[in-house]
Amino acid sequence: MRLKHQFSLLVLALFVWSSTSIAQEQIDLEMMYKIKNEGLRNSQIQDLSFHLTDLMGPRLSGSTNLRRARQWTADKFKEWGLENVRIDSYGDFGRGWDVKKSYIAMKDPYYASIIGHPKAWTDGTNGLVSSEVVLVDIQSEADLEKYKGKLAGKVIIVPTTLSTSPAFEAEARRLTDEELEARKVISIGGGGGARWTPQQLEQMRVARALDAKVNEFLMEEGIALRLTGTRGNFGTVFHTRAGSYSTDKRKTMPEMEIALEHFGRIERLIKNGHKVTIDAEIEVEWLDDDYKGYNVLAEIPGTDKTLKPELVMLGAHLDSWHAGTGANDNAAGVAVMMEAIRILKTLGVQPKRTIRIALWGEEEQGLYGSRGYVQKYVADRQTKDKKGEWDKISAYYNVDNGSGKIRGIYLEGNDQLVPVFEKWFEPFHEMGAKTITRRNTGSTDHVAFDAVGVPGFQFIQDPIDYGRGYHTNMDLYERMQQGDMTQAAIIVAAMVYNTAQRDQKLPRKPWN
């Protein structure tokens with residue numbers, strides 16, 4: 001009975017604390033109106049989306065187009081009157097690489113165009129290749145011998161286990177109320193244990209070792225081109241990489257990924273005894289003039305005598321893959337963040353804290369830009385050494401899950417923020433954004449900040465058709481939901497404003 005009574009007191013204390021925190025949290029509703037009005041009436045989302053996709057093109061890490069996009073965004077920030085605009089190196093990245101020409105078609109048994117794109121960082125073909133396609137089926141090292149001396153100058157394919165499937169689910173969808181409620185649930189316990197059995201791990205090790213042997217063998221044989229089928233339906237080609245952006249300049253075999261339906265046709269023709277001939281050419285350029293990686297930074301300076309050295313950050317990654325134009329991954333996030341800071345600048349906001357936007361480089365290769373920034377300015381996550389900005393950053397906000405509406409926010413386990421963000425989201429309930437979850441989410445640039453104890457957040461977004469298009473040749477302007485992006489920019493601007501004006505920095509989780 002006594003334990004039950006103590007538990008009741010604890011629950012009551014938490015309720016009082018939560019209610020008090022909400023009551024104390026201030027929100028400027030006049031400014032919320034102004035942000036909504038500017039974002040809805042004078043949105044620049046369409047123009048930003050066009051420039052970042054159609055005009056800038058694909059923005060592969062280290063590429064010429066990424067360099068162009070960095071300069072264009074920096075110039076745009078200057079045009080808007082932002083301060084301390086700079087293209088800032090976070091450290092080393094590696095070699096840049098551009099596709100100068102890409103062509104592939106089937107010539108025999110009849111002509112047919114093929115949807116295909118070079119793998120990232122592949123070497124070129126040194127001119128047009130016109131060759132019979134050889135199906136190379138290697139199940140063990142012993143199978144290598146039967147192909148020895150027979151593949152020089154040939155186009156080869158290796159059998160695939162991938163297959164297409166009908167799209168029974170709707171192409172695009174929004175999160176339901178039930179799904180949003182489920183995002184709040186945190187599971188505790190469960191089965192646990194290893195994800196893979198020892199037998200499965202050994203099978204994967206053997207498969208990787210054999211694949212490495214096959215690649216080495218094909219290089220030694222001097223094949224002209226390797227074709228690979230990729231997952232995806234209706235001509236969608238998902239990107240992977242063949243070579244490395246490492247500065248060691250190791251030679252790779254020319255590789256091209258083609259639509260699975262086109263790969264299947266070639267494979268079936270060969271298995272049924274018909275000769276298939278391919279014409280193909282890949283021309284690439286390696287950029288060896290600058291191996292550094294860069295972020296684009298710009299600011300609205302703080303005005304409060306005490307708080308202006310502190311920072312509120314918002315950002316998104318500027319790089320993309322190379323066959324599409326990186327529309328939903330992640331020109332959409334960049335456009336949203338640029339529009340958010342444009343709204344605040346246009347309104348003449350005089351923030352207490354400095355507001356800094358960061359457009360990250362080389363996210364697709366492993367969060368290079370944000371992790372490099374954190375390592376350079378914030379903290380070392382390995383040694384736990386804190387640097388100059390560690391105690392200055394109040395929050396970092398990120399958008400990188402496509403162009404769907406913001407429906408809420410992940411708090412990365414920070415219970416202290418629940419009453420704060422519940423209050424801040426109130427003006428946007430009618431826009432569909434009200435889910436505050438303590439749950440974590442990964443794989444975006446907020447992780448770099450959260451890893452060193454700085455509040456970093458990714459928003460909950462409607463997926464629309466994000467999973468079917470990102471990292472593909474079809475991640476293009478047409479897939480962007482610009483009305484949703486307008487809503488997202490308004491909410492981000494409000495969150496940044498509230499964080500900049502708050503009397504105290506946002507509370508943090510412990511980090512030792």
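How many Å apart do the C-alpha centres of domain 1 and domain 2 lie? The answer is given with the first view of this predicted model.

**View 1. Two domains of the protein chain.** The domain assignment gives domain 1 as 29–93 + 291–501 and domain 2 as 100–163 + 197–284. The C-alpha centres of domain 1 and domain 2 lie 38 Å apart. To the contact between them, domain 1 gives 17 residues and domain 2 gives 16 residues. The size of an interface is often given as the accessible area lost when the parts come together.

**View 2. Residues 295–495, an annotated stretch.** An unreviewed UniProt entry marks residues 295–495 with the annotation "domain: Peptidase M28". Over this stretch the chain is 31% helix and 20% strand. The C-alpha atoms at the ends of the stretch are 22 Å apart.

**View 3. Helix H3 and the helices it packs against.** Helix H3 is made of residues 45–55. Its buried residues are Ile 45, Leu 48, Ser 49, His 51, Leu 52 and Thr 53. An α-helix has 3.6 residues a turn, so residues three or four places apart point the same way. Just after H3 comes Gly 57, with a positive phi of about 80°.

**View 4. Ala 224 and its surroundings.** Ala 224 sits in the loop that runs between helix H6 (198–221) and strand S7 (225–229). Is Ala 224 buried or exposed? Ala 224 counts as buried because its relative accessible area is 13%, and the cut-off for buried is under 20%. Apart from neighbours within four places in sequence, the residues in contact with Ala 224 are Thr 125, Val 129, Gly 153, Lys 154 and Pro 254. Leu 151 is 73 residues away from Ala 224 in sequence, while their C-alpha atoms are 8.5 Å apart in space.

View 5. Tyr 111 counts as exposed because its relative accessibility is 52%, and exposed means over 50%. Pro 109 also lies in the loop between S2 and S3. The peptide bond that joins Asp 108 and Pro 109 is cis, with omega about 10°.

**View 6. A cis peptide bond at Asn 330.** Most residues other than glycine have a negative phi, and most peptide bonds are trans. The bond joining Asp 329 and Asn 330 is cis, with omega about 5°. Asn 330 is found in helix H8.

**View 7. Positive phi at Asn 84 and Glu 412.** Asn 84 is a residue other than glycine, yet its phi is positive, near 55°. Asn 84 is in strand S1, residues 83–92. With 45% relative accessibility, Asn 84 counts as partly exposed. Glu 412, which is not a glycine, has a positive phi of about 55°. Glu 412 is in the loop between strand S14 (406–410) and helix H10 (418–425). Glu 412 is buried, and its relative accessible area is 6%.

Technical notes. Residues are numbered from 1 along each chain as its sequence is written. This is a predicted model: local features need pLDDT of at least 70, side-chain atom pairs count only at pLDDT 80 or more; totals for chains, interfaces and linings use all residues. Side-chain values use heavy atoms; hydrogens and water are left out. Helices (H or I, at least four residues) and strands (E, at least two) are DSSP runs, numbered from the N terminus. Buried means under 20% relative accessible area, exposed over 50%, partly exposed in between (1.4 Å probe, protein chains only). Contact means heavy atoms within 4.5 Å. UniProt positions are given in the numbering used here, feature names are shortened, and annotations may be inferred rather than shown by experiment. Domain bounds come from an automatic or database domain assignment.
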